[in-house]
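Biologist: I would like to learn how to read salt bridges in a model. Please give me the general idea each time, then a case.

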Amino acid sequence: MADKDETLDALAGRETDDGQESLSDAPVPADDAGTAQRDNALDEDGDDISDVLPVLSVRDVVVFNSMILPLFIGREKSVRAVEAALERGRHLMICTQRQEDTENPGPDDLYTVGTVVNIMRMLKMPDGRVKVLAQGVSRARIEEFVRQEPFLEARVDMLDEATPEDSPLLEALLRTVREQSEKVLALRGLPAGDISSILQSVREPGRLADLVAANIRMAIPAAQEILEASDAVERLQLVNRLLQREVEVAAVQARIQHSAKEGMDKAQKEFFLREQMKAIRQELGEGGADGPDDLETLAAALQQAGLPDDVRREADKQLRRLRGMHGDSSEANIVRSYLECLAELPWKNASRDRLDIPHAANILDEDHLGLDKAKERILEFLSVRKLNPGAKGAILCFAGPPGVGKTSLGKSIARALGRRFQRLSLGGLRDEAEIRGHRRTYVGAMPGRIIQAVKQAGTRNPVIVLDEVDKLGTDFRGDPSSALLEVLDPEQNNSFSDHYLNVPFDLSRVMFICTANRVDTIPGPLRDRMELIEISGYTAQEKAAIARAHLLPRALKNAGLKPAEALVEDDAIERIIREYTREAGLRNLEREISSVCRKLARKKAEGQHGPFRVDAAGVEALLGAPRYLEDDDLRILRPGMALGLAWTPAGGEVLAVEAAPMPGKGGLLLTGQLGDVMKESAQLAQSYIRSRGEALHVEPHFFETHDLHVHVPAGATPKDGPSAGVALTTALISAITGRKVRGDTCMTGEITLQGRVLPVGGIKEKILAGVARGLRHALLPRQNLKDLEEIPADLLEKITVHPVGHYDEVFPLVFEDE
């Protein structure tokens, strides 16, 4: 019967190796073999079983009658218990611990009902452990422990059970247990032939209960409950209930395994079909660009791209379509290009920001001289990003004249953060598809320039500069500025939808920086999404320093000259700034310096030996006659002339306003391409003078006998704006009264009918222009005093600023004493 039990044990899935049963070593009592007593109890082989037996505790198994199992014993106390059993007839009482984690169990830590086993075989291992093979002989109950040292020893009572009479209920229960056991084996995929014969041969209910229970996975308390049941039918009923649960668990397990097997079968089937398609394509000569290898490469690229779930579903859909298309069809090329675009986009690649504020400040100072306000705002932006990485930052827009460093500021920000840099020029852009992309139904469709810039950057968080955002156009193809609203809105761009992709792409981590020359031409909704940082321009001193530190070394390198071969003195650079350029930025200055270096390079190429020295006197020989000379006639102004300050996209400008009276009937003639606002300013000036004629020393009947002609050079340049109101009024008063205006004084401000002087813009550029012309006094609206904070203190030392609020304050400051 032992061999049959071992077969059932293996087929039913129960492990009987050393990993299944573990022993906990009990306290060892003193060795006294003489106290053992014998009675008339017999084991299956007919040997007497003593009623006093050594007790061995096990931790995670309940031993049933007739069960054969190996025991690995390693502790010295447990070895002594086994040796004592071998000396007394090879019988040992095995009881299960109540708690598995008890290391040294005593009498109270063990279940009182256990199984007497017969030690069939013992083997000593090389590591000192003992391996025994034991078979359950009889259930027994511990009556009392007779000693605890050197091992547990107890008086036991064999639990005999009467064989119940045959009955329909008993037969039904036996059949049910056998059928349930066979179901478990069938669900586990094990053959039930031999085991069924074993189960059919067992007629005793207690024997069948022990046989099945020994091979069911169950918790220790449940197994102990079966072992302690005194009635054989009751034990069989307990086993039947456990078998029912085991059938349910095995059925669920079988369904899980079946589902997994179906998935594997489906994958194997798809692989087989793909191999067949590959062979068919090769026979038809359709390897091409969409051959199986290329498609698998594309599928692998999509798998590694880190696509979001919704994008992944769209990609899989298009990939399935592509597999069914002919490789040379036009639609296949469109789908393949689309999938390649999805695979190349940086869905998960992002560069790590270097949010080191001192490092960023050093980079900004290295790359740009001045621009303190812009640098301060950039550092504030980076500081907030460092403290709150998830914050939705504002979109910065650098506004200022050309050549002041707006785009290069974006490059410096990218370098300071350690991000990739991309630049998009939006000047003259009229097609909305340039921003949102073309729909794939069009021939030659492609993503918009925003998505293309992100793809070229290779990371999802580059710095993208949108240049010339003020020069966007609009026509029948759409409004690009409206498309930019979604791009530049932090609340929307986390799911930007490009027409070509047709899936959302997250632009929230992209740092957008816009540049513009004029703010008033930026559409209002678009301007509302940006934070404007005005960059006015550079002073002559700043230009000279930038030329010495950056422009001249770059020009020498481009011309192939070494710094020691061309010595350009500071006074030469200052003369170039003063007489050959007149701009707020640095582009023309860089061109003139490059021209000087090229002429020096020609001398070297012709064989002349350096070093070549360039001073102020030698500039004219290299660059020709000066382009901008101070007008000597403007040093001392004639009656009817006044110097006004104007703002242009290229920076500040000093304008000479001229007025002349002539016989007539009070008419006003305006020339010089003046805009509507400037014409209205001239009319306001005339009305103000007529209303204040007596206070301004105007003859009572002057306007009845004279016309006035106002002209603002240069006549070919359009001019507009309210800033010339004060200058127009002054020029008209000078022309009417014949009084001269001071030649070292310039002015700006809007005039009203009541003579109030209202604030205007572009104060820094205008002051820079006045200083560049060598003027000593500047009249500004009093409300513009706050704008003087942006002007360097050393610049303000060269010109005296007079704040005025009414023209009555202007009059004594601008006219020379008679």
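Predicted model: local features only at pLDDT ≥ 70, side-chain atom pairs only at ≥ 80, totals over all residues.

Biologist: Which side chain does Arg323 meet in a salt bridge?

Modeller: In general, side chains of opposite charge can pair when their charged atoms come close. In this case Arg323 pairs with Glu296, at 3.2 Å from N to O. Glu296 belongs to helix α8 (residues 292–304) and Arg323 to helix α9 (residues 309–323), so the pair links distant parts of the chain, 27 residues apart. Glu296 is partly exposed, because its relative accessibility is 37%.

Biologist: How many salt bridges does a search of the whole structure find?

Modeller: The search finds 34. Another of them joins Arg436 and Glu486, whose closest N and O atoms are 2.9 Å apart. Arg436 sits in helix α14 (residues 433–436) and Glu486 in helix α16 (residues 480–488), so this pair ties together parts 50 residues apart in sequence.

Biologist: Are Arg436 and Glu486 buried or exposed?

Modeller: Arg436 counts as buried, because its relative accessibility is 15%. Glu486 is buried too, at 13%.

Biologist: How do I read Arg742 and Asp744?

Modeller: Their side chains form a salt bridge, at 3.4 Å from N to O. Arg742 is partly exposed at 28% relative accessibility, and Asp744 is partly exposed with a relative accessible area of 24%.

Biologist: Which residues do salt bridges with shared partners join into one network?

Modeller: Arg575, Arg578, Glu579 and Glu620 are joined in that way.

Key. Residues numbered from 1 in each chain as written. Heavy atoms only, no water. Salt bridge = Lys/Arg side-chain N within 4 Å of Asp/Glu carboxyl O. Helix = DSSP H or I, 4+ residues; strand = E, 2+ residues; numbered from the N terminus. Buried < 20%, exposed > 50% of the residue type's maximum accessible area, 1.4 Å probe, protein only.
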